[in-house]
Structures are given as C-alpha cells and as structure tokens.
Amino acid sequence: MPADTSPYQRFSTEERLRYSRHFVLKEVGPEGQLRLRDASVLVVGAGGLGSPVALYLAAAGVGTLGLVDFDQVDLSNLQRQLLHGTADVGRSKLESARDRLRETNPHVEVVPHPVRLSSQNALQILEAYDVVVDGSDNFPTRYLVNDACVFLKKPLVYGSILRWEGQLAVFAGTEPGCYRCLFREPPPPGLVPNCAEGGIMGMMAGVVGSLQALEAVKLILGEGDTLKERLLLFDGLELSFREIRVRPNPDCPVCSAEPTQTELLDYELFCGVLPDEASPGVEEVEPQTLMTLLEGDYRPLLLDVRERWEWEAGNLSYLGSIHIPRGELSLRADELPSHQHIVTICRSGVRSRLAAESLASRGFPRVTNLRGGLDAWIDAGLPDPAPGPTGSPPG
C-alpha cells in the first residue's frame, strides 16, 4: 500500500493539534497551513502595532518572522505593546519580542534586525521577505518602507494609529497603487503629533494590528478580498468603520508608469526631520527684496522645491527659476552651482526653508529662503507665477 502523501503528513502530531482550527477552514486546510509555514513576513516595529501583528502571525504558524527595531522597552510602552512585560523594561525590544514569540509558537523562526531602517539597508532587509507589514510610528520610515516595497515589488500592509483613530490599507507591490498615491507628501513637521504628544488608547493598537495580521495572512493564502485600493478608517470612540476608495495616482513619483523617483531618498530630509546639528539657521528674504536682487547685477539662482504638478501649474521660470523637488534634493544637490547665491522657493516657505537648511548643511556657502513662499510673492503684488517648462540646473 503506498505511503500516505497527504499534506497532513508534513505536520507533527503537536502541530496538527495546534493548527486544528485552521485545518477545518476550507480557505486554509493543510495546504494553506503549509503556505503559511513556508512564508516569511517582515514586521517593521516591535511596538504598538507590531505587537499584535507579530503575536497573531506567530500563532497562525507563519514560518519566518522578521522584526526591525532598535529601541528598548520603556514603562510607557506597556499599555499598548503587548509583546513586552514589566520585567522587560530596559531590555532590547527585539530580545523581549523574540522570547515572547517563541513562547507563543516554538515552530516559528524569529529573525531580529536590531537596526534603524534607512535608505542604506532597507532594500537588503526587505528583499528577503514575502510580505512587509509596516507598524512604524513616524513618517520617514513609512515613506521609506513604501518606496522600498514598490521598488522590490513586495506587498505592503500599512497601518497607523493616533488617539482613538486608526488607518489600514494594502498595497500589492506588483501593481500601481502605494502609500504615496494616498499621501504624496508628508505633513509639515510638528503638524501631526506623535503618540507621546497626542496620546493613544492602547486597544487601538490591538484592533488595527490584528487587522494588519489578518490582511497579511490573506495575502499569503491568496484568499478573500484585501484592502487593495481601499483605505479603512476606524474611529474607536464612535466604534465605526468607513472606507475610502483609493485609485492609483497616474502621476505618483514612485509607482506610476513613468516614475520620477527610481531610488531611495534621504527620508529625514524629505519629511523635514533633521538632527539639530544638521539644521543650521538660514537667512530669509522678503519678496520685494528678492525682486530687487533679481534686477541687479548679481542675480541669485531661484530653486523651486515643490512637486512637479505644482511647478507645471505656475512657476517663476521667466525669472530663471529651476525645479528640483525637495524629495529629490539629496540625490541631485551636486547639480547645483556651489559658487552662486541660491534662493529656495515653495508655496508657503516651509518646505523651501527645510531645503535651504539641508543645502547649508551640505556646505553650500550662501542659501536663502523666500519668506512666505509664492503665497507671499503674490500677496506683495509681484508678477504671478506662470505655467512653463520644467527648468533644469545650468550646465
């Protein structure tokens, strides 16, 4: 009689009992459980969202769980970060998480990545995994993880929480549609508070993180409808869910048919988060004073750091303005003449000030920001920005 080649035979007696409730689900069964066991998922962040994500993926039998985190457990973490306990305060979050996950399911391989995710290491780390779940709590990491997943064509499960509200979305990786289609640019620094400033109800992490784990499992199994092209909004106080339909942006800088960004950026710069030592103060110039400078013998170079669609809608190219989006500035700073006075410009003066600070930190000897941006320029009664071709730095 031939040997039993049933998928059940690939599980130990202990595993069959552990996953017995999965085996009876027609969408899972032993074949699906094998897919889970053979899968690898990277969880970015071992904190509020990463805790339920990692715990439920480990309990579900996902074979390889990668965790990225470089922080230590703090007492203030414990009301929402259930990977860690009181005895773990002061320990590495990855060590604490590894011990907790091994206790949850010893059959799961936990791969720690005790680093700060950056443009230098993100592609190498993410490439080894089938699915990426973003449980980060800051904008530079969110944009970095999104762009890396687009370039690597990895599916991404995005989640975020603050106070009593949460968001959730899934981006396929192999098709257009990404976090940058939803939020093309990060908010100005300081506009959105972090958890320490705005507070957070701990159970919000449990709700959104559990849903992230569910979406990751559905991606691995190939079952059900994921949140692709949908943004799920959860209000914990109202106990309500609502969806926003999200279409891929045909002008998205990273996932469109003709992307303008094809490699990772300096995301601290892109999001306006610069260390104090890298943020020297820069001078600012009033619109009328700038116009006087432009009429003189030593004209400054005008650098417009807005997005391409903003530039195309109206710019100062008739005054010699050139265009490099702020998000690309770290890659293209060497295109700018280091000997010339540069005046940075954006709509309101916030993004351009950050760009000016970055150029000053890179050694450009004279960089000035247009105070109030083009809004102030127009309010001063100066000629309106006019549509025109994209400028480029002089050769």
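**Cys-178 counts as buried, at 1% relative accessibility.** Buried means under 20% relative accessible area, exposed means over 50%, and partly exposed lies in between, with a 1.4 Å probe and protein chains only. Welcome to a predicted model, in which local features need pLDDT of at least 70, side-chain atom pairs count only at pLDDT 80 or more, and totals for chains, interfaces and linings use all residues. Residues are numbered from 1 along each chain as its sequence is written, and side-chain values use heavy atoms, with hydrogens and water left out. A disulfide is a pair of cysteine sulfur atoms within 2.5 Å, and by this rule the count comes to zero disulfides. Cys-178 is in no disulfide, with the nearest cysteine sulfur, that of Cys-252, 3.6 Å away. For Cys-346, the closest cysteine sulfur is in Cys-271, at 15 Å, too far for a bond. Cys-346 also counts as buried, at 0% relative accessibility.

**Stepping back, the protein chain holds 16 helices and 13 strands.** Helices (H or I, at least four residues) and strands (E, at least two) are DSSP runs, numbered from the N terminus. The C-alpha trace of the protein chain spans about 95 × 45 × 40 Å along its principal axes. Of the 395 residues in the protein chain, 51% are buried. Contact means heavy atoms within 4.5 Å. Taking contacts in the protein chain between residues at least 6 apart in sequence, 68% join residues at least 24 apart.

**Helix H4 (residues 50-60) is largely enclosed by the rest of the structure, because nine of its 11 residues are buried.** Which residues of H4 are buried? They are Gly-50, Ser-51, Pro-52, Val-53, Ala-54, Leu-55, Leu-57, Ala-58 and Ala-60.

Axes are lines fitted to C-alpha atoms, for helices over the stretch in contact, and angles run from 0 to 180 degrees between N-to-C directions. H4 passes H5 in a right-handed crossing. A crossing is right-handed if the near helix is turned clockwise from the far one by less than a right angle, and left-handed if anticlockwise. On the H4 side, Ala-54, Leu-55, Ala-58 and Ala-59 make the contact, and on the H5 side Arg-100, Leu-101 and Thr-104 do. The residues of this contact of H4 with H5 divide into five nonpolar, one polar and one charged. In this grouping, Ala, Val, Leu, Ile, Met, Phe, Trp, Tyr, Cys and Pro count as nonpolar, Asp, Glu, Lys and Arg as charged, and the others, Gly among them, as polar.

**Helix H3 (residues 29-38) packs with helix H10 (residues 202-221) at an angle of about 110°, their axes 9 Å apart.** The two helices H3 and H10 are therefore roughly perpendicular to each other, a term for angles of 65 to 115 degrees, while those under 35 count as roughly parallel, those over 145 as roughly antiparallel and the rest as oblique. H3 passes H10 in a right-handed crossing. Gly-32, Arg-35 and Leu-36 of H3 meet Val-217, Ile-220 and Leu-221 of H10. The residues of this contact of H3 with H10 divide into four nonpolar, one polar and one charged. In H3, the buried residues include Gly-29, Pro-30, Gly-32, Gln-33, Leu-34 and Leu-36. Their cover includes helix H2 (20-23), H4 and H10.

Most residues other than glycine have a negative phi. Arg-163 is found between strand E5 (156-162) and strand E6 (165-171). Arg-163 is partly exposed, with a relative accessible area of 41%. Glu-229 has a positive phi too, of about 65°, although it is not a glycine. You will find Glu-229 in the loop between H10 and strand E7 (230-235).

**Our last stop is Ile-345, which lies in strand E12 (residues 342-345).** Is Ile-345 buried or exposed? With a relative accessible area of 0%, Ile-345 is buried. Leaving aside residues up to four places away in sequence, Ile-345 touches Leu-302, Leu-303, Asp-304, Val-305, Arg-306, Leu-316, Ser-352, Leu-370 and Leu-374. One of these, Leu-370, is 25 residues from Ile-345 in sequence and 5.6 Å from Ile-345 in space, C-alpha to C-alpha.
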